[in-house]
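Hello,

Here is the structure I promised to pass on to you. Please open it beside this email and follow along as you read.

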Amino acid sequence: MKSLNLLILISVLLFSTCSLSSNKRSGKPKVLVFSKTAGFHHASISAGISAIHKLGEENNFLIDTTSDASWFNDDSLKNYSAVIFVSTTGDLLNNYQEVAFERYIQAGGGFVGIHGASDAEYDWGWYGRLIGGYFNGHPEQQQEAVLNVIDQKHISTKHLPKEWKRKDEWYNFKKLNKDIHVLINIDESSYKGGTNGDNHPMAWYHDYDGGRAFYTALGHTDESYTDPLFLNHILGGIQYAIGDNLELDYSKAKTLNVPEEARFTKTQLTQGSFFEPTEIAILPNMDILVAQRRGELMLFDSKTQEVKQVGFLNVYHETKVAGVNAEEGFMGIAADPNFVENNFVYLYYSPTDTSVNRLSRFEFKNNSLDMKSEKIILQLYSQRDICCHTGGSVAFGANNELFLSTGDNSTPFNQPNQPYVNNGFAPLDDRPGFEQYDSRRSAGNTNDLRGKILRIKINKDGSYDIPDGNLFAVNENKTRPEIYVMGDRNPYRISVDKKTGYLYWGEVGPDASNDSLDTRGPRGYDEVNQAKKAGNFGWPLFIGDNYPYHPYDYATGKSGAPFDPAHPINDSRNNTGLKELPPAQPAFIWYPYAASPDFPQVGTGGRTAMTGPVYYINDYPKETRYPDYYNGKLFIYEWIRGWIKVVTMQPNGDFDKMEPFMERTKFNAPMDMEVGPDGLIYVLEYGKGWFARNPEAGLVRLDYNAGELHSNESALAKKYPNEPEGKAMMLSLDCQACHKINESSIGPAYTEVANRYKDDKNANSYLASKIIKGSVGVWGENAMPPHAALGESDAEKITEWILSLAETTGHKE
């Protein structure tokens, strides 16, 4: 019996050995050294590459080197046992390349990150978990410090002394992966500037998502790459990542490939038919209702492809004050989830006869809005003849719960003829007579429905109940039970994930271009927010990642200590609600006018964040729906920047990744987005001018082609044919959201600018600086956003074209 067991054991071992050897690559292991930098470029990169070449020669592995991200595809990566990132920084790979790298690791590949490799891909959570943590700053100077080698058995550290003194640049970290196996810690008492405390790792490894990952934060200096201790350290990391030098098994790769952009087409359903469209409601028969801010209800007939007016609300949509724009009007619309049976639609509008914003239910039958059927559900006071911020989006969640967003009804501009003003920071002026400049009276007020997202359950008779789980209980003193989310500035477009119940919204933020952290607070940010449950999202005391503002005395110009997000206090004289507010919740995504270090893909320039749907493939027919790749992903979009992005979330709903969608397609100020019963996304386009009948305003459908693709000439090559260089550059930016050539919009006409500055010899450089840095107060109170990423020479090309218009004032384009 013992002999039989021994034979079985030997057979198993032989089989395992044969199986392993059959999967082993032939020849020497090969590694790919990647050195692209989209952020800070370390001078030691070349020394690092040379050192790795020498290590390969001496230790029997082959090396390819590149800074070209196009190497990141399945066909290329499968040739390598490990990939080494040498101080790679910034946004390195596009979404197709990111997927290829995920699949490479899942198939059994190895990864080594050296020094700056942790200062990269901040909006790609998978990479953050792979590398083990993100860079979070460092002391200004390189210092000698003590490293404690806590694992002296690993191949990368077994040669090191238990206490290792060396000089380098010492990184601090955020979002450290709890699953990493730490090899080396740094003693923060041995140098100045550490922020991770007693557990401050400097090198680690872990098995991750089917592959192997090693990271060392050392290696900033050229001298590192001639230090035998450090060289053997990275050699051990490379050997760990190579592992047994096995062939990759792509059957284990679970990340789906990104569908080619060429499979998606923007199909124009109608254009030039709308005058300030705001929100859409797609009906079960595929007809689409379109709200227009000036009061018209329009219908796009899916069969005839024609647009006609099918209703009208007499709305307040313009002020009686010169130079002040109203944003109210017919703001939002949603069809009842049971529309087929009850024909109900819900409209949010500003009636002319009273200073309220009103949510009403109507019947829509026979392609007509029955005005006599109106049932007022709720209404809230709104101060008029001021600007700005209405919110106004209507959406249904699970269990037929209705969500309604409302703006803070506050003026973000400077108070006229005052020595101390808002300057684009939080409006906190509670002096008598300046109420419109105090958002604490609305968004920060628990007893006011402005600056909120409300959640109610509509009854058959048009009354409503308060669902369980709102922010405040029914009859709670100094609160309103309808409030689900408070602390909103301008939550302009909302959506609800009906499977998880999570609420999403875009939050249009304030105008400050630069931080004033010691006196006023942070620069302005737009936000994409997620509420997994009821909460306070901070405005006007906090913004972005809970960055705090300071209390500010507008009579003296003195600032107080910054607000505390854990214990926010609203002590405004205009507050009618609770003084002690619920803790502030940070934003899901946040970005300024300038480049965002946390979410680099959002770009730069003007900003107006919006949210679309969370897409689920099983909700739609197989014949027309989008690929499985988009299942469970959130679509977000930008009114001014004109992009659409897709956000992947972790199983618990936390942010994981952002990527472009139809990146090369031009959108004309996307105003609303909804998925139709066919599983296709429909986008309402406002057009490029504010408060105007724009010829580009229209309705588009984003079609998907699952069949054979045919090659087409690049649309980019034809984008601006026969246009002057400066004008073409202007058209590629977001300038048309604020300016037109011959007509005033939210900003002056280009011809007005040209005529004012035509005799100024410094005009070109002066105006170029305004384009790059932004401006306010030159032509009015509206802020013109900066374009920080635009080069000076490019900005001057734009201004040269603008100034050329002075000689052709009557020219129309």
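To begin, is Asn366 buried or exposed? Asn366 counts as exposed, with a relative accessibility of 78%. (Buried means under 20% relative accessible area, exposed means over 50%, and partly exposed is in between, using a 1.4 Å probe and protein chains only.) You will find Asn366 in the loop between strand 19 (356-365) and strand 20 (368-381). Its phi is positive, about 50 degrees, although Asn366 is not a glycine. Asp385 also has a positive phi, near 60 degrees, and is likewise a residue other than glycine. Asp385 is in the loop between strand 20 and strand 21 (391-396), and is partly exposed at 30% relative accessible area. Helices (H or I, at least four residues) and strands (E, at least two) are DSSP runs, numbered from the N terminus.

Now some background. This is a predicted model, in which local features need pLDDT of at least 70 and side-chain atom pairs count only at pLDDT 80 or more, while totals for chains, interfaces and linings use all residues. Residues are numbered from 1 along each chain as its sequence is written, and side-chain values use heavy atoms, leaving out hydrogens and water.

How confident is the predictor? The mean pLDDT (the predictor's confidence in each residue, from 0 to 100) is 92 for the protein, and 94% of its residues reach 70 or more. Residues 711-718 stay under 50, and the model gives them two contacts (heavy atoms within 4.5 Å) beyond four places in sequence. Over residues 808-813 the pLDDT is also below 50, with nine contacts beyond near neighbours in sequence.

Next, the rings. The structure holds 54 aromatic pairs. Rings of Phe, Tyr and Trp (its six-membered ring) pair if their centres lie within 6.5 Å; planes under 30 degrees apart count as stacked, over 60 as edge-to-face and the rest as tilted. Phe264 and Tyr626 make an edge-to-face pair, 5.6 Å centre to centre with 75 degrees between the planes. Phe264 lies in strand 12 (residues 264-271) and Tyr626 in the loop between strand 33 (609-615) and strand 34 (633-638), so this pair ties together parts that are 362 residues apart in sequence. Both Phe264 and Tyr626 are buried. Phe264 also pairs edge-to-face with Tyr630, at 5.9 Å and 85 degrees. Both Phe264 and Tyr630 are buried.

Two charged ends sit over rings: that of Arg431 is 4.1 Å from the centre of the Phe434 ring, and that of Lys645 is 5.4 Å from the centre of the Trp643 ring. (This needs NZ of Lys or CZ of Arg within 6 Å of the ring centre and within 35 degrees of the ring normal.)

Which residues touch the most other members of the largest nonpolar core? They are Phe85, Phe101 and Tyr127, in a core of 74 residues. A nonpolar core is a set of buried Ala, Val, Leu, Ile, Met, Phe, Trp, Tyr and Cys residues joined through side-chain atoms within 4.5 Å. Helix 6 (residues 228-242) gives this core its largest share, eight residues. Not counting residues up to four places away in sequence, Tyr127 touches several residues, including Phe85, Phe111 and Tyr134. Phe85, Phe101 and Tyr127 also belong to one aromatic cluster, together with others including Trp124 and Tyr208.

One last stop is the peptide bond from Trp539 to Pro540, which is cis, with omega near 5 degrees.

Happy exploring!
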